[in-house]
Amino acid sequence: MKRILLLMAAAVLLAACTTPEEPALDREAMRDAVLARITGATISDNALSLLDFGAVGDGQTDAKPAFDSAMKRAEELGGARIVVPAGEYWLCGPIHFVSNVCLELQEGATLRFNPEPACYLPVVETSWEGTFLWNYSPFIYGKDLHDVAIVGKGTIDGNAATTFATWRDKQGPSKELSRDYNHNQTPIAERVFGEGHYLRPHLIQFFDCERITLEGVFITNAPFWCIHLLRSKNIICDALRYDAKLVNNDGIDPEYAQDVLIQNIVFNNGDDNVAIKSGRDDDGRAATHPSSGIIIRDCVFKGLHGVVLGSEMSSGVEQVFVENCTYGGYCKRGLYIKTNPDRGGFIRNIFVNNCTFGEVEDLFFLTSMYAGEGLDNHHFTAVHDIYIEDVACEKARAAAVVLQGTAVEPIRNVHLKRVNVKEAAIGLSMDHTEAITFTDCHLGGYAGAPTTASAKDKVFEGDKK
């Protein structure tokens, strides 16, 4: 009897080791708790017409003084909705928000920014690819604010093709200098860029802000990332539209951001559609301010990648929900999680449900060795608890699922259910992984019933009688 009990205990232990159980996480409860915290901006009942401050929508008259005056008046009133009627408004410089302001771009209204870099000086405190520094002002900028909104059917045109879009090939020395400042933890006040450097500003950035609503507007021709939500929280991005194909025109970049709802967006971007970040290397690890509670639902992806986590994510990314999304054109990858041993931090509790893609290069690519960087470092990222269910893809030209961990920190607890890829050059590629499960998945087609033996089947000579 004792022998039987010992054998039974060994069998239970072996089963636990070889067929890991999926943790009992209640995805819907976690998601709904996030949704309950998200309100977006409270919008003032006061209304101000931009025309009353001297703006002329003729595409030539500088409207920046009118915006500056309208913002000042809104601040005096304790908040206002600044209404921009139909017309083309030329801006020789940035719009700097104040709290309690909603910028309403009515249908037919276009904000077109002067592409000359000198218009975006003096420098402001910002971040560039995960490193805090001082640089050219974003074209629309707000810091330390609350209850800010941009709504309407109008257009925001960065008009950056002739200047900022040409800077990528020139940015190398300044980019490396920013990395050195990061790794050496140089005081941020000493990290001054701007004129003489080639770090492109963002189109829209809200930094250390709370209660933000961005809704309805059409975005094009950004100088760099389109919308950068930096160290901000309680945010709604709804029904935005894009045709932004200049260099590194990411759609939405939440960074150190919390409680963000991204929904009903039609993306068409020259880079990532949504790229979730939380700082780079030493800056990010020192911040201890993860991006968390980010819901992406009912969106149409088109561009480089649908949803990206990283690679600047050293403070951590958690509780990301991607639901009911589809594609409107080419996407190189559906979900792309990228980090390396320079970063540290964690990526955990990521949920992808009910999404559809057409032809991609890779459907899901999770790598802890991004760009081959940091191989001599020791800031390994803990990547675990990834749940992917009910996802379909027509074709993966390279691979359906790629999981690349490290020997020091394997990728753990990745669970795929009902993932169907009709055609794939490689169905599955895994290195340094633990506790990976597949349930009712078809990566490269459905095999169907096995064929029966026939006269055409070859038989080894030794087997013939």
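Helices (H or I, at least four residues) and strands (E, at least two) are DSSP runs, numbered from the N terminus.

## About the model

This is a predicted model, where local features need pLDDT of at least 70 and side-chain atom pairs count only at pLDDT 80 or more, while totals for chains, interfaces and linings use all residues. Residues are numbered from 1 along each chain as its sequence is written, and side-chain values use heavy atoms, leaving out hydrogens and water.

## The largest pocket

A pocket here is an open set of points on a 1 Å grid over the protein atoms alone, where a 1.4 Å probe fits, with protein on both sides within 12 Å along at least five of seven lines; lining residues have an atom within 4 Å of a point. The largest one holds about 620 Å³. Closest to its centre, out of 29 lining residues, are Glu-129, Arg-168, Asn-248, Glu-312 and Tyr-370.

Which helix gives the most to the lining of the largest pocket? That's H4, with four residues.

## One face of H2

Helix H2 covers residues 27-37, and its Arg-27, Met-30, Arg-31 and Val-34 are buried (under 20% relative accessible area, 1.4 Å probe, protein chains only). Looking down the axis of H2, the buried residues fall within an arc of 95 degrees (taken from the directions from the helix axis to the C-beta atoms), so they line one face of the helix.

## Ile-411

Ile-411 sits in strand E28, residues 411-431. Its relative accessibility is 1%, so Ile-411 counts as buried. Trp-225 is 186 residues from Ile-411 in sequence and 29 Å away in space, C-alpha to C-alpha.

Conventions: Buried means under 20% relative accessible area, exposed over 50%, partly exposed in between (1.4 Å probe, protein chains only). Grid points are joined across faces, edges and corners, and a volume is the space filled by probe spheres set on the points.
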